[in-house]
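Here are some exercises to work through with the model open beside you. Try each one yourself before reading its solution.

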Amino acid sequence: MRLQIDTKNAVPSIRIGFTDQRLTAHGGLIVWSHFLRQKKFRQQLREVLPHDPTSPNAYDPTDVALGYVGGILCGADKLSRVAWLQSDAAVAEVLGVEAIASQSTLSRFFGVFTQKRCQVLGGLHSRAADSLPTLREGYTLDLDSWALLHEDGHQAGVAVGYTRLGLKPCHRPLIAGLAEAKLIANYWLRSGNTACVNGAAEFLRQTVQSLPAHLRVGLVRGDSGFGDASVQDTCESLGLKFIFVAKLTQKVQSFCRHDEAAWQASEVPGLAVQEVALERPGRRLVVIRQRVQDRPQAGGKTLLELAGYRFQALITNLPSSVDALTVWRRDNGRADLENRIKELGGQFGIKRLCVENFWGTEALHHLAIAAYNLCVLLQRRLGQLEKCELNTLRWRLFGRAAVWSRAGGKPTLKLAVRGAAHRHWWREILPKLTAPPNCHAVDSLQA
């Protein structure tokens with residue numbers, strides 16, 4: 001049949017037909033599949049997945065997991081949308097799996113997970129850090145917690161808790177990230193009515209102890225939800241330095257009201273600091289005051305009786321040789337973990353990925369985070385100087401149309417790349433991926 005369309009000069013018609021050719025909209029995932037082979041990710045999955053199918057017709061569990069991860073990279077944020085990739089005739093070939101599993105198969109696959117099996121699956125995050133170099137001053141470990149809203153509210157662990165939109169049914173996960181590498185080091189899913197600090201000390205201990213032996217944590221950072229004494233004591237028992245945001249209690253607010261003599265001006269216009277001695281030896285309270293007129297984007301809280309200023313307090317066990325202003329500066333990068341959380345939620349699907357089984361939901365998230373970490377490592381492998389988000393990878397790399405065929409009996413993937421400049425870019429990418437790691441970079445993936 002023919003369908004008419006408008007152009008600026010006429011009303012032409014286009015013939016509509018069908019083809020049996022094996023086409024895929026995601027041919028660029030071949031780069032991803034080759035990278036997974038280099039990282040031996042299939043073998044890693046085989047070691048951590050609990051499934052032991054007995055039916056000869058059952059899918060290989062690693063194929064189910066790899067198909068699910070590939071679906072996330074293609075933009076799926078629900079199991080039904082992962083299963084929809086079955087209509088893409090060649091995507092399974094590109095991902096190196098037998099087939100993309102159906103929604104019911106995926107639901108059964110994640111339904112077998114338990115707490116112990118999720119802990120084993122979470123070991124993928126520490127393995128992702130194996131290739132990181134050692135840093136002289138150690139890595140900065142950031143802790144955070146946030147609310148994952150589930151308005152229908154019937155899944156296990158979904159409970160009414162505090163969110164930015166008020167009291168809503170949600171999950172409340174804990175997450176830990178290595179700031180310098182932008183990798184996620186650990187993740188726990190928790191019930192929505194859980195307080196921020198609940199389990200945080202044990203979460204921190206598990207995170208640090210599961211990191212590769214050659215990686216040292218030089219500093220732990222967290223917001224006021226992690227400023228509990230139990231988390232601070234855990235840091236010190238592990239020999240770690242920390243900076244946590246302190247709650248602006250009445251006692252801390254009294255320091256904010258000190259006269260000008262108590263405040264020390266800094267080289268930053270509009271910013272003053274003061275340091276207060278604490279009863280616990282080795283711990284310091286740093287109070288920061290920022291004048292809104294000079295620093296309109298300043299973080300912190302405003303006190304009614306001190307309009308025109310925003311205040312923030314930090315508690316740390318860094319030595320006195322690290323002055324108060326440096327403590328504030330070292331804490332500033334903590335908010336970057338929020339960018340990782342937004343990317344995981346909006347682009348890796350964690351906001352919507354949820355099944356009836358609580359531990360199945362955590363397993364969904366663990367594999368999505370494993371995909372995130374591998375995307376970071378892929379960019380390092382390609383020599384990218386700055387990390388780009390998954391949406392950029394989809395547009396520039398993964399979302400490339402291709403034809404799958406067997407030319408001369410050999411599997412062949414022909415990427416739809418027009419123009420000398422674009423083909424030159426791909427001809428740089430592919431040798432870079434297959435060559436031994438080195439410091440030579442390719443053109444940026446950022447749009």
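**Exercise 1. A lysine in a loop**

In which loop does lysine 40 lie?

*Solution.* Start with the ground rules: this is a predicted model, in which local features need pLDDT of at least 70 and side-chain atom pairs count only at pLDDT 80 or more, while totals for chains, interfaces and linings use all residues. Residues are numbered from 1 along each chain as its sequence is written, and side-chain values use heavy atoms, with hydrogens and water left out.

Next, recall that helices (H or I, at least four residues) and strands (E, at least two) are DSSP runs, numbered from the N terminus. Lysine 40 then falls in the loop between helix H1 (29-38) and H2.

Now look at the backbone. Most residues other than glycine have a negative phi. Lysine 40 has a phi near 55 degrees, a positive value in a residue other than glycine.

Finally, check accessibility, where buried means under 20% relative accessible area, exposed over 50%, and partly exposed in between (1.4 Å probe, protein chains only). Lysine 40 has a relative accessible area of 53%, so it is exposed.

**Exercise 2. Another positive phi**

Find the loop that holds lysine 182, and state its phi and its accessibility class.

*Solution.* Lysine 182 sits between strand S8 (174-178) and strand S9 (183-188), in the loop. Its phi is near 60 degrees, again positive in a residue other than glycine. With a relative accessible area of 27%, lysine 182 is partly exposed.

**Exercise 3. A three-stranded sheet**

In what order do the strands of the open sheet containing S3 lie?

*Solution.* Two strands pair if DSSP finds at least two bridges between them. By that rule, three strands form an open sheet in the order S3-S16-S17, with antiparallel pairing. Its edge strands are S3 (22-24) and S17 (410-415), each of which pairs on one side only. On average, neighbouring strands of this sheet are turned by 30 degrees against each other, direction ignored.

Zoom in on one pair: S3 and strand S16 (residues 402-407) run antiparallel and are joined by three bridges. Leucine 23 stands opposite valine 403 in S16.

**Exercise 4. Salt bridges**

Which arginine does glutamate 93 meet in a salt bridge?

*Solution.* Side chains of opposite charge can pair when their charged atoms come close. The cut-off used here is a side-chain nitrogen of Lys or Arg within 4 Å of a carboxyl oxygen of Asp or Glu. The whole structure has 18 salt bridges.

Glutamate 93 meets arginine 22, at 3.2 Å from N to O. This pair links distant parts of the chain, with glutamate 93 in helix H5 (residues 91-95) and arginine 22 in strand S3, 71 residues apart. Glutamate 93 is partly exposed at 31% relative accessibility, and arginine 22 is partly exposed at 35%.

Now try aspartate 233: its partner is arginine 283, the closest N and O atoms being 2.8 Å apart. Aspartate 233 is in helix H10 (residues 229-237), and arginine 283 is in the loop between strand S13 (271-277) and strand S14 (284-291), 50 residues away. Aspartate 233 is partly exposed at 33% relative accessibility, whereas arginine 283 is buried at 8%. Salt bridges that share partners join Asp233, Glu236, Arg280 and Arg283 into one network.

How values were computed: Axes are lines fitted to C-alpha atoms, for helices over the stretch in contact, and angles run from 0 to 180 degrees between N-to-C directions.
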